[in-house]
Amino acid sequence: MPPEFTKPTIEYAELWPLLVVLGVACVGVVLEAFLPRERRFGVQAGLAVLGLLVAFGGTIAVGVGLDAVGGTQGDATARGGIAAEGALAIDGPGVYLWGLVLLFAIAGALLFAERRLESGVSVFAGQAAALPGTTAEREASTRGLEHTEVYPLLMFAVGGMMLFPAANDLLMLFVALEVLSLPLYLLCGLARRRRLLSQEAALKYFLLGAFSSGFFLYGLALVYGYAGTMTFAGISDAVQAGSGDHTLLLLGIGLMSVGLLFKVGAVPFHNWTPDVYQGAPTAVTAFMSACTKIAAFGAMLRLFYVAFGADRWSWEPMLWTVAILTMVVGSVLAVVQTDVKRMLAYSSIAHTGFLLTGVLGVQPAVELADGQISSLQAVLFYLTTYGFSLVGSFAIVTMVRDAGGEATRFSGWTGLGKGAPLLAGAFTLFLLSMAGLPLTSGFVGKWAVFSAALSAGAWPVVVIAVASSIVAVFFYVRFVLLLYFTEPDERTAAVTSPSLLTSGTIAVCAVVTLLLGVVPGPVLDLIGDAGSFLR
């Protein structure tokens, strides 16, 4: 008698925000094929923003409805449940990361839709297939053509970013990695201005990303060979039992780490970061820099804490080394930059090192003192604070322009604080927050990750992190001095007035950056209520 077929169970009540994002992406592809060209921009932009808002509201509803269950270590509280036949974990930290990704994706969609800065057209190329400098490119520019396919691409990337931190088995983890990466490769090469630089950035990102995905997949296969299962819980059980070949496990962890460390821009897998940040359209850079880091660190935390948590003494030395190199290289190389976007790129690399410092603070819940912030909570709060500062900074970069487009050379920002005090003030706030000065959100974020790592015994990493932060303060404050204490000259760029889409994004980021520095308690409490990862 043939075995009875058991139909799969899909928890639509918990997964519907993710399905909304992917559904809107598919609808956008269909609309792109059938709508007249002149109507595509408004419909696509409106649909993307509406879909993200609905998904964000749904994420809040899902988070409120999560039930408390056993946690990752068995001695910590977690909320939620396992969904999609074990492929996804819908728990407190995962849903919080969903909310962060959607929040910054909304900001990214608004920046994508900005048209006033480019005289009525978007920042994306009119015809991506046209070679730079050819008649076809000039004709597309004259006709005011633009690629509205960027909105479905944005939605597909957001869908992958939501899948990535929620993935509960190795196969879903790899699928999510590819779904979030492929749209970003395309978006990076669609700049309207400096197209050769943009296409070079996209090609570098694609080639290096393909190599890192290959390493990741090979490591995935080795871990599966060790554990005999794809699920994180099953891998954790196999690691605790110690019945397999430990060398196979170590190789698998190392190769999978290559893929994850590449996505967050950690040394020595960071070389793509400054080139891609500089060459991509700045709206894409703002979206990608915040959301990719959130999704990748969420996936890294779940993989290392849930699947490999029982063998942390094997992978922690590797992360010690990578964190130290990342902080030092990012901070030192940022000092010698003369381009704003490249400075922010190397700053992003340094912040990746600070986040890895927080990852090293993992401890069982029974070892935490009452009221002590766990490493998971510290990293989630740091991702929150850093995301607002980064998106706001890149939004301001889009406004400082000269005849060739965005003026990203330092010389174009000379004395800008005297001609545009509000813009310079907001940019100063974001820079000081990233430097970690008191009364900004960055100070609380660094205090959280450093204290978590210190309590776990990673004091050498914390010492180097503090030293790297001091170096970082130098190049941030140097740029502030350039804004306010240098006289404007003929090279100083002008500030273009944006629409409410960009100015509203900057204002919200500035207010949140200030509030989280003064009153961080509500967000820390929210993260604490989210609990730990599910098994």
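**Exercise 1.** Determine which helices each supply at least two residues of the lining of the second largest cavity.

*Solution.* Helix 9 (246-264), helix 10 and helix 11 each meet this condition; helices (H or I, at least four residues) and strands (E, at least two) are DSSP runs, numbered from the N terminus. A cavity is, on a 1 Å grid over the protein atoms alone, a set of points where a 1.4 Å probe fits but cannot get out, a pocket is an open set with protein on both sides within 12 Å along at least five of seven lines, and lining residues have an atom within 4 Å of a point. Next, list the lining: K263, V264, G265, W272, T273, Y277, M288, S289, T292, K293 and S348. Helix 11 provides the largest share, 4 residues. By class, the lining has 4 nonpolar, 5 polar and 2 charged residues, where Ala, Val, Leu, Ile, Met, Phe, Trp, Tyr, Cys and Pro count as nonpolar, Asp, Glu, Lys and Arg as charged, and the others, Gly among them, as polar. The space in this cavity is about 60 Å³; a volume is the space filled by probe spheres set on the points, with grid points joined across faces, edges and corners.

The model is predicted: local features need pLDDT of at least 70, side-chain atom pairs count only at pLDDT 80 or more, and totals for chains, interfaces and linings use all residues. Residues are numbered from 1 along each chain as its sequence is written, and side-chain values use heavy atoms, with hydrogens and water left out.

**Exercise 2.** Describe the largest cavity and its lining.

*Solution.* Begin with the count, which is 4 cavities of 30 Å³ or more. The largest cavity holds about 230 Å³ of space. Its lining comprises 20 residues, and A191, R193, P281, T282 and E406 lie nearest the centre. Then assign elements: helix 10 (272-279), helix 11 (282-307) and strand 5 (405-406) each supply at least two lining residues. Finally, the classes are 6 nonpolar, 7 polar and 7 charged.

**Exercise 3.** Is L261 buried or exposed, and which residues does L261 touch?

*Solution.* L261 lies in helix 9. Its relative accessibility is 3%, so L261 counts as buried; buried means under 20% relative accessible area, exposed over 50%, partly exposed in between (1.4 Å probe, protein chains only). Leaving aside residues up to four places away in sequence, L261 touches A266, F269, M300, V322 and L356, a contact being heavy atoms within 4.5 Å.

**Exercise 4.** Characterise the largest pocket.

*Solution.* The volume of the largest pocket is about 470 Å³. Of its 21 lining residues, I60, V95, Y96, G99 and L526 are the closest to the centre. Two or more residues come from each of helix 2, helix 3, helix 14 (375-397), helix 19 (500-518) and helix 20 (521-530). Helix 3 gives the most, with 6 residues. The lining divides into 14 nonpolar, 5 polar and 2 charged residues.

**Exercise 5.** Identify which residues of the largest nonpolar core touch the most other members.

*Solution.* The core has 180 residues, and V158, F164, F308, W413 and F479 touch the most other members; a nonpolar core is a set of buried Ala, Val, Leu, Ile, Met, Phe, Trp, Tyr and Cys residues joined through side-chain atoms within 4.5 Å. Helix 11 contributes the largest share of this core, 19 residues. Not counting residues up to four places away in sequence, the contacts of W413 include V340, I396, F427 and F479.
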